[in-house]
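Take a look at the model below. This report walks through a few of its parts, one at a time.

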Amino acid sequence: MNPADDRDAGLRPQILVIAKEPVPGRVKTRLVPPLTPGQAAALAGAALEDTLRTVARVPGVHRVLALDGAPGPWLPGGFTVLPQRGNGLDERLAAAFEDAHRLRPTPIVLIGMDTPQVSAALLTEAVSLLAGHDAVLGPAADGGFWLLGLRVPDPALLLGVPMSEPATGETQLRRLREAGMSIALMPCLTDVDTITDAIEVAAMAPRSRYAAALAGIGAAT
């Protein structure tokens, strides 16, 4: 790699995945019952691996994982792993943005581990939109959001936004607008909170590890 390539690499945007280590009893607890804690963790692990491998296919970006827990065999190569900080989800999201931006002061697109149906094309589009907008938001079908991109992260954009509520996405969008930001919107996706969501998402990505894991549990009908 020549010096010009090094400089270009330093300017690349980032895709930041925020996730929990898929440990039984700590992930996807709203799926228990009907699933057992072990089954819910296996499903979460498959969703996380699908998400990370999709991120790995997006060209021209740095790949970062803000992780609550320890890396496992589900983590592909090429990711910088950062520990999560904060208590509530708003604090952890704000800290993940802050830590990744401190490491590399470039635009950041953040996603979670609950949309294993996401495609590399969608993530590439979000990165491209962020080049011409201050923020990119992907609304979720449950009223939250599945993606948030910020050209210049600021904790004030997230802190105090009530998370995991029906109006979370609307509140986050209003917060961005009140900051005077130019905003691009992504398509609405379903993230996995309930077993109904799980079955719906598996049908959208029938060849995924996630769909195979759900079929193995016997819940994909």
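## What covers helix 7

Helix 2 (37–56) and helix 6 (195–204) are among the elements that cover the buried residues of helix 7. The model is predicted.

Which residues of helix 7 are buried? In this helix, residues 209–217, they are Y210, A211 and L214. These residues sit on the same side of helix 7, because they cover an arc of only 95° around its axis. Turn to the other side of helix 7, and A212 and G216 are exposed. After helix 7 comes G218. The phi of G218 is positive, near 90°.

## How helix 2 packs on helix 7

Two numbers describe a pair of packed helices: the angle between the axes and the distance between them. For helix 2 and helix 7, the angle is about 165° and the axes are 8 Å apart. An angle over 145 degrees counts as roughly antiparallel, so helix 2 and helix 7 are roughly antiparallel to each other. The crossing of helix 2 past helix 7 is right-handed.

Now the residues. Helix 2 brings Q39, A42, L43, A46, A47, E49, D50 and R53 to the contact. Helix 7 meets them with R209, Y210, A213, L214 and I217. The residues of this contact divide into eight nonpolar, one polar and four charged.

## A residue in strand 3

T80 belongs to strand 3 (residues 79–83). Its relative accessible area is 24%, so T80 is partly exposed. Leaving aside residues up to four places away in sequence, T80 touches R63, V64, L65, L103 and R104.

How far apart are the C-alpha atoms of T80 and T36? They are separated by 31 Å, and the two residues are 44 residues apart along the chain.

Note on methods
Residues are numbered from 1 along each chain as its sequence is written. This is a predicted model: local features need pLDDT of at least 70, side-chain atom pairs count only at pLDDT 80 or more; totals for chains, interfaces and linings use all residues. Side-chain values use heavy atoms; hydrogens and water are left out. Buried means under 20% relative accessible area, exposed over 50%, partly exposed in between (1.4 Å probe, protein chains only). Helices (H or I, at least four residues) and strands (E, at least two) are DSSP runs, numbered from the N terminus. The arc is that of the directions from the helix axis to the C-beta atoms. Contact means heavy atoms within 4.5 Å. Axes are lines fitted to C-alpha atoms, for helices over the stretch in contact, and angles run from 0 to 180 degrees between N-to-C directions. Angles under 35 degrees count as roughly parallel, over 145 as roughly antiparallel, 65 to 115 as roughly perpendicular and the rest as oblique. A crossing is left-handed if the near helix is turned anticlockwise from the far one by less than a right angle, and right-handed if clockwise. Ala, Val, Leu, Ile, Met, Phe, Trp, Tyr, Cys and Pro count as nonpolar, Asp, Glu, Lys and Arg as charged, and the others, Gly among them, as polar.
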